[in-house]
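Subject: Structure handover

Hello,

Here is the structure I promised to pass on. My notes follow below it.

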Amino acid sequence: MYAIETENIIKQYKNGVQALSGLSIYVKNNEIFSLLGENGAGKSTLIRILTTYLRPTSGKVIMLGKNIYTESKWVREQIACVAQQTSIDMHLSLEENMLFQSRLYKIPKIEAIKRMKKLIYDFGLERYKKYPVSSYSGGVKRRLDIALNMMSKPQILFLDEPTVGMDIQSRNFMWKMMKQIRDEFKTTIFFTTHYLEEADSLSDSICIMKDGKIVKQGTPLELRLLFQENIIRLKFSTDTEIRKCIEILTHFFPPKKILIRNSEIIIHSQDIQLYMKHVISLLVEQNIPFQGIESIQPTLEDVFLRLTQREQEECV
Ligand SMILES: Nc1ncnc2c1ncn2[C@@H]1O[C@H](COP(=O)(O)OP(=O)(O)O)[C@@H](O)[C@H]1O
Ligand SMILES: [Mg+2]
């Protein structure tokens with residue numbers, strides 16, 4: 001049984017925008033699942049649908065084996081969501097927020113205090129527990145909000161761009177907290193991000209989406225292996241040389257395989273030896289000076305760019 005299964009979800013907003021165009025995803029129990037996509041891809045729309053705030057135009061969602069529309073009350077009790085706007089009460093302290101939350105979920109007082117103490121201890125939040133939440137930085141507020149949402153012991157925790165705009169230290173705390181939630185609390189985490197590095201280092205599964213559609217789903221390793229090819233990176237000292245080189249290369253290589261990034265030319269190739277020889281002899285023949293040439297393994301960023309075909313736009 002999957003934690004979440006969706007079948008062909010379509011969401012068209014009243015203004016005509018089709019935010020999701022037939023989305024089918026599978027989230028396993030007790031994994032960290034990331035939905036990776038640029039702004040406007042439809043990530044928040046999907047989270048709002050999965051957490052039952054929004055009805056899809058059509059499609060089916062099964063969560064923990066139950067249909068979320070016929071069993072929405074039960075499903076809501078099993079999940080928690082930290083949306084982009086924090087839900088925590090800024091005037092209350094973390095402890096006050098937690099006890100208030102426990103009353104909403106009808107958790108008996110003794111049990112609530114036990115859970116509260118454990119969460120504060122486990123997440124190392126002792127020094128933030130007493131003062132109003134408004135006294136802390138954005139990064140700390142977000143962690144407090146997540147701790148608060150763990151009071152109901154959710155089976156699935158949804159996080160919409162939990163680390164957006166955070167400094168590196170807060171982000172690292174957040175990553176540690178998310179892994180702890182998976183490993184110690186056995187909660188499935190569904191989070192959205194537009195940071196590749198974050199999806200790569202944190203998730204068990206990644207789903208890449210673009211314009212309301214899924215481009216690919218898999219483990220970070222599977223996604224990298226999608227392209228069983230290497231990359232040739234060519235460095236130049238001036239943009240004129242880059243332009244001249246591109247002009248020549250596009251005569252010999254398919255344009256889809258070539259892109260410019262950070263003043264370098266990147267060529268995807270299946271036969272690295274042959275391509276390398278070919279490129280060097282072309283550049284020497286045409287007298288185009290280059291600073292360096294090397295072959296590298298694709299990163300998840302290369303895979304993402306190829307899948308979402310941004311290289312075509314960057315190509316000259
Ligand atoms: N309430 C809404 N009404 C109309 N269009 C919306 C609404 N919310 C989002 N959209 C549109 O739907 C698309 C997907 O948005 P969203 O789900 O917020 O993407 P993401 O979270 O990946 O940035 C965008 O084109 C956005 O402008
Ligand atoms: Mg969003």
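Four strands make up an open sheet with antiparallel pairing, in the order E13-E14-E12-E15. Strand E13 (258-261) and strand E15 (292-296) are at the edges with a single partner strand each, so one side of each has no neighbour in the sheet. On average, neighbouring strands in this sheet are turned by 25° against each other, direction ignored. On terms: two strands pair if DSSP finds at least two bridges between them; helices (H or I, at least four residues) and strands (E, at least two) are DSSP runs, numbered from the N terminus. Axes are lines fitted to C-alpha atoms, for helices over the stretch in contact, and angles run from 0 to 180 degrees between N-to-C directions.

This is a predicted model, in which local features need pLDDT of at least 70 and side-chain atom pairs count only at pLDDT 80 or more, while totals for chains, interfaces and linings use all residues. Residues are numbered from 1 along each chain as its sequence is written, chains are lettered from A and ligands numbered from 1 in the order in which they are written, and side-chain values use heavy atoms, with hydrogens and water left out.

E13 pairs with strand E14 (residues 264-269) in the antiparallel sense over four bridges. Ile260 is opposite Ile265 in E14. Helix H9 (residues 239-252) packs on the sheet and touches strand E12 (230-235), E13 and E14; contact means heavy atoms within 4.5 Å. The direction of H9 makes about 20° with that of E14. Helix H10 (residues 272-285) also packs on the sheet, touching E12, E14 and E15, and its direction makes about 20° with that of E12.

Now the ligand. The residues surrounding ligand 1 (a heavy atom within 4 Å) include Tyr13, Asn15, Glu38, Lys43 and Thr45. Helix H1 (residues 43-50) gives the largest share of this shell, three residues.

- Tyr13: a side-chain N or O atom is 3.4 Å from a nitrogen atom of ligand 1.
- Ala41: a backbone N or O atom is 3.2 Å from an oxygen atom of ligand 1.
- Gly42: a backbone N or O atom is 3.0 Å from an oxygen atom of ligand 1.

Taken alone, ligand 1 exposes 560 Å², of which the protein buries 65% (Shrake-Rupley method, 1.4 Å probe).

Leu54 is in the loop between H1 and strand E5 (58-63). Beyond its neighbours within four places in sequence, Leu54 contacts Lys11, Tyr13, Thr45, Arg48 and Ile49.

Regards

Conventions
Polar contact = N/O pair within 3.5 Å; in protein donor to acceptor, adjacent residues only side chain to side chain.
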